[in-house]
Amino acid sequence: MTPYRLPAGGLIDRRTPLSFTFDGKPLTGFAGDSLASALLGNGRLLLGRSFKYHRPRGILTAGAAEPNALMTIGTGGRTEANTRATMQELYAGLEARSQSRWPSLAFDIGALNGLLSPFLGAGFYYKTFMWPAPLWEKLYEPFIRKAAGLGTASYTADPDTYEKCWAHCDLLVIGSGPAGLAAALTAGRAGARVILVEEHAAAGGMLLSETAQIDGKPAQDFVAQTMAELASLANVTMLLRTTAFGWYDGNVFGAIERVQKHVPVPLAARAVERLWRIVAKKALLATGAEERPLVFGGNDIPGVMMAGAMRTYLNRYGVAPGRQVAIFTTNDSGYALATDLEAHGIVPEIIVDSRADAAFPYQGKARVVTGAVVSDAAGGKALSSITVLRNGETETVAVDALAMAGGFSPIIHLACHRGAKPLWSDAQSAFLAPGNLVGLDLAGSVATTSGIAACFEDGARKAMALLDEISVHTTPAAPIAVEGDIVSPPARPLWTVPGVKGKAFVDFQNDVHRRDLDLAVQEGYGHVELAKRYTTNGMATDQGKLSNVNAIGLLAEARGVSPDDVGTTTFRPFYTPVSFGALAGASHGHDFQPVRRSPLHDWARRLGATFVETGLWYRSSFFPRPGETTWRESVDREVLNVRAHAGLCDVSMLGKIEICGRDAAEFLNRVYSNAFLKLPVGKARYGLMLREDGMIYDDGTTSRLSENHYFMTTTTAYAAGVMNHLEFCAQVLWPDLDVRLASSTDQWAQMAIAGPKARRILQTIVDADLSNDAFPFLAAREVSLFGGALHGRLFRISFSGELAYELAVPAGYGESVAEALMDAGALHGIQPYGVEALSVLRIEKGHVTHNEINGTATAGDLGFGKMVSATKPDFIGKAMVGRPGLVDPERAQLVGVRPLDPETSFRTGSHILALNAEATLENDQGYVTSSAYSPHIGSTIGLALVKRGASRHGETVTIWNGIRNEFTPGRLCDPVFFDPENEKLHV
Amino acid sequence: MASLVPCPHCGARPREEFTIKGAALVRPAADADPAAWMDYVYLRDNPRGRYDEHWHHTAGCRRWLVVTRDTATHEIAASREAVLGAAGEARP
Amino acid sequence: MSDFRLTQQAALKGCTRLVSRAIMLEALPEGHVIQVLGKPGDPHLTARLEAMSDGSPHAVRAAGPGQCFIVGDRTKTHAELADLSASLQPEAFGVDQSAGRVRIRAAGPMVEPMLAKGTAVDLSLSNFPVGHATTALIGHIAAHLTRTGDDTFEIMVLRGFAQSLWDDLARMSAEFLED
């Protein structure tokens with residue numbers, strides 16, 4: 001027989017039927033159903049196959065801990081594997097598919113694994129399939145992989161959006177059962193900012209499965225009335241369909257809200273899942289308790305279910321578990337189910353109570369057998385009978401459903417997420433939350449309180465105490481009168497059920513059974529952390545919510561110690577699985593990271609620039625022209641044109657820092673290794689910054705715009721780091737200096753105008769005289785443009801080695817000014833050039849970048865020895881720069897390199913060997929830091945850091961590319977390949 | 001998922017807003033013994049427990065702070081301005 | 001050169017106002033933004049700056065110890081900027097960021113939940129009253145936030161990030177834009 005929908009009852013909306021499919025078969029449920037209750041209501045018992053042995057599996061629970069009823073929901077990009085049917089709300093058109101079966105759910109070839117089970121016991125992959133070794137990769141591993149496994153991820157992109165949110169509150173209440181509701185009411189009425197989190201679609205927790213009356217009304221009415229009051233309070237936020245999954249530093253809680261996982265077609269403008277980070281001054285865990293399975297033979301056969309879950313299906317969903325129901329209990333809670341079943345006309349076949357001294361005043365009609373256990377259950381794809389063992393005698397009872405009531409484990413996971421270990425209580429036979437928690441308390445059954453009235457009172461009282469600590473004074477919500485409340489003493493644990501013949505499962509999802517744990521102990525893996533990994537108990541997607549406590553109890557009995565001595569494995573976030581989509585939030589695709597756009601971006605785009613990402617910036621790489629088929633053609637043309645005529649390059653992304661204050665000069669003198677005290681107003685100077693260890697940190701130019709105002713440029717890559725560093729120097733090292741810093745990188749559109757025609761072109765828009773006498777090399781001044789229509793800053797500095805300027809104008813005018821220069825320069829052959837050409841030009845001139853400033857290079861290594869002041873009393877790096885290792889003549893030094901045969905080439909990163917030396921680590925003399933094809937030299941040229949390189953110009957070497965195994969004969973040379981006398985610079 | 005750092009000027013902020021430099025040490029005088037400089041640049045205590053570090057509120061007020069952090073528990077006992085003397089609340 | 005006209009491009013020129021009953025986003029005119037570098041701990045700085053501002057509400061905004069922004073919708077001429085800078089010295093220095101910072105107004109009853117998708121700052125009115133300002137991350141981008149009304153914020157961001165921040169804010173507002 002099978003489960004079935006009762007003709008009446010439950011909180012479902014029977015006027016709203018919903019069609020859905022399971023493995024393609026059309027079925028009907030009702031609004032308010034979970035997928036699990038809808039399947040049960042349709043008489044579906046067999047819902048999946050187990051992970052390892054492919055045993056038939058049904059539904060075990062009605063909540064988050066479900067290990068068996070995992071299915072794949074949705075299609076295409078919305079496919080979601082391993083969805084717990086117990087947590088999935090039913091919606092019209094839902095498509096569910098079973099998993100871990102092939103070719104079909106009913107006929108599954110993998111079930112042969114059940115026959116192979118002697119070879120698949122604990123630690124099987126360490127033992128059984130080891131020999132012969134080659135077979136592991138070819139045969140065993142692929143077979144095991146195909147046979148095992150859960151759902152399959154979709155390869156189609158998810159069309160939905162996900163987002164992250166922050167929230168802040170005085171009190172976070174996790175769980176909306178009686179304790180949570182009381183806490184939220186107490187805090188909400190006092191005006192505190194409250195967030196109430198409930199993982200199901202409806203608030204109420206276990207009250208929704210109850211038949212008790214509260215204040216003379218059904219418990220469900222009490223929930224509705226309480227929720228209505230909470231909804232009326234502006235200071236209370238309710239997050240339904242939201243699972244609090246982790247407790248983090250600073251009392252921040254992570255929670256996942258399933259915003260649109262219960263609708264046929266999500267609204268495109270709204271996220272389907274929302275990841276909350278809730279900053280709570282105080283938090284109350286009212287998460288309830290998890291019922292424990294009992295470990296008897298065949299306890300996984302479809303039809304065996306948790307007793308509490310059976311009550312939920314009956315009372316909340318109007319679904320009966322079967323017609324011949326048995327109850328196996330170790331405590332009083334099993335009788336509540338018996339009463340509820342009888343109310344629906346189902347008299348249990350038998351109640352098996354493990355306690356010989358059971359004294360519950362049961363008034364029902366079912367036969368009660370005390371001091372007995374269910375030792376085995378029988379049936380294939382559905383339960384058919386159970387074996388009851390009492391005083392050594394067995395009795396077979398035909399049933400189609402069996403409830404297990406093994407006692408309760410408080411759901412303390414979050415309380416353990418910050419490292420504290422749970423504590424075993426003999427009195428409660430359970431692991432309890434660690435003591436001395438800060439910012440967090442527990443109320444209700446998670447704190448071992450039993451009964452609805454007591455949980456409500458506990459919630460109100462704990463909320464009041466927590467709020468007292470933050471000086472929010474409240475009156476606890478008035479106690480409630482409950483009729484039909486069940487206050488049960490804690491269950492004595494029944495770890496080892498006697499007389500078991502069949503496989504008695506501990507971890508249903510990972511197919512770990514009792515003998516696996518025995519084996520682990522026998523083979524020396526009895527420590528809880530070892531047993532977990534040896535047997536895989538607790539390692540499935542449910543993380544042992546049902547299995548861990550039983551495994552610990554069984555290990556304890558096998559080792560002859562208390563569960564306290566065995567201890568638990570570590571509780572870590574996440575409490576239940578969280579989708580990668582939610583963790584990524586919006587940060588993927590176009591929104592993966594922000595884009596930083598130059599004020600000249602659109603100008604460059606109009607001129608056809610190809611862009612390259614450097615950090616977050618998009619820089620123009622080169623500007624291809626019609627007829628150019630390779631990037632090299634474009635770059636060669638741009639390089640030649642700069643040296644022959646003129647070019648314009650966007651350098652807006654250089655870091656720019658305003659340095660103001662009476663002591664700005666002294667400050668610069670200390671952060672640069674070269675002298676800055678005497679830089680005149682109107683002049684720029686190249687500066688070198690060291691780190692305290694004596695290596696070069698960054699370089700750039702700094703200009704003195706007025707007496708107490710300097711303007712520094714940094715490399716693009718180190719702009720943010722240099723600003724932080726300068727602030728450190730100003731705030732921490734030398735707070736006595738009057739110096740103020742501001743980044744102005746984004747204020748200015750800055751362009752380099754380089755080439756022999758640069759002056760003539762620039763003069764058309766700059767009002768001041770730009771002749772070499774009036775505006776010599778390294779002049780740096782504010783200038784007026786277009787007859788005073790605009791003001792900018794002009795610097796005569798050059799990275800290309802040509803007559804060159806950098807012009808900075810307020811960013812909004814950048815495009816217009818660039819266009820004006822292009823117009824004016826058309827006559828003189830101006831062309832835009834990108835960072836590729838810029839790089840070739842600087843390599844031709846031997847100018848270094850962070851390719852050479854690699855963190856291990858000193859000023860001396862790069863030929864800047866004279867820029868390290870010997871006379872300044874202090875500067876960053878001074879103390880360490882003279883260490884013997886940093887001035888060793890054997891160090892790698894900057895040198896140029898070119899191939900002997902110009903037709904041959906080499907790449908950046910290639911290593912330098914003495915001519916024809918063997919390619920070994922010992923023979924390595926350095927490496928090529930930068931390389932490019934130089935159209936002026938007519939071959940590849942490179943800069944390299946090579947041992948004693950500065951004194952080896954002219955030496956023939958071998959350039960070795962170890963990745964491609966290429967050996968190129970080359971010659972070391974002066975790193976300045978072009979215009980070594982700088983004749984073009986000073987014209 | 002989250003951890004909050006108290007800033008004396010801005011209140012509790014997520015760690016992502018900060019840049020951490022490392023141990024909060026006093027820079028030796030320029031002419032100090034080379035051994036003092038070796039200590040300052042290279043040697044670190046690496047204690048289990050409380051540790052004073054320089055943190056920069058990069059995406060906030062841009063001030064350098066001394067944050068006292070427990071290396072074992074991540075608990076932040078205090079944060080203060082590196083020079084202004086302003087102290088931050090230890091907890092949000 | 002004869003037909004050349006000097007023009008100014010707004011960083012968010014393509015971003016039209018987004019509005020619903022729940023939310024409103026708009027790019028503000030690139031008027032003036034002066035970053036004032038004072039001395040941390042100077043108690044009189046803000047009062048002095050109020051007198052130098054254009055007098056509109058919240059024209060002077062705190063930006064960390066010793067620093068403020070003076071903002072306004074009107075463009076300042078080069079001479080006006082120079083005068084302002086001169087009157088600030090020597091106690092403080094003014095850095096023109098009129099082009100370097102871009103202002104966006106976000107308003108409406110859902111403005112707090114919208115911004116909570118990006119920033120960890122508790123923006124509830126009791127914690128972040130009108131006139132309050134701070135710098136914080138919104139998503140991956142640092143921005144300066146000022147509450148200019150019960151339901152109104154101004155967000156100031158580096159020009160280079162303006163388009164990305166606008167895109168982020170628009171995405172964060174999407175669910176509130178469907179009336």
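Which elements of chain A are included in what covers the buried residues of α21(A)? In this predicted model, local features need pLDDT of at least 70 and side-chain atom pairs count only at pLDDT 80 or more, whereas totals for chains, interfaces and linings use all residues, and side-chain values use heavy atoms, with hydrogens and water left out. Residues are numbered from 1 along each chain as its sequence is written, and chains are lettered from A in the order in which they are written.

Helix α21 of chain A, residues 835-844, is mostly covered, with 8 of its 10 residues buried, where buried denotes under 20% relative accessible area (1.4 Å probe, protein chains only) and helices (H or I, at least four residues) and strands (E, at least two) are DSSP runs numbered from the N terminus. The buried positions include Val835(A), Leu838(A), Leu841(A) and Ile843(A), and also the charged residues Arg842(A) and Glu844(A). The cover over these residues includes the strands β34 (610-614), β35 (617-622), β36 (646-650), β49 (926-934) and β50 (939-947), together with helix α16 (631-644), of chain A. Gly846(A), which follows α21(A), has a positive phi, near 70 degrees.

Chain B comprises 1 helix and 7 strands, arranged along the sequence as β-β-β-α-β-β-β-β, and 46% of its 92 residues are buried.

The contact between the chains (heavy atoms within 4.5 Å) takes 26 residues from chain B and 32 residues from chain A. About 2,500 Å² is buried between them, 63% of it given by carbon and sulfur atoms, this area being the accessible area (1.4 Å probe) that two parts lose on being put together, summed over both. There are 3 salt bridges between chain B and chain A, a salt bridge being a side-chain nitrogen of Lys or Arg within 4 Å of a carboxyl oxygen of Asp or Glu; in one such pair, Arg62(B) meets Glu727(A) at 2.8 Å, N to O. On the side of chain B that touches chain A, β3 (19-23), α1 (34-42) and β4 (50-56) each supply at least two residues, and α1(B) gives the most, with 5 residues.

Notes: Buried means under 20% relative accessible area, exposed over 50%, partly exposed in between (1.4 Å probe, protein chains only).
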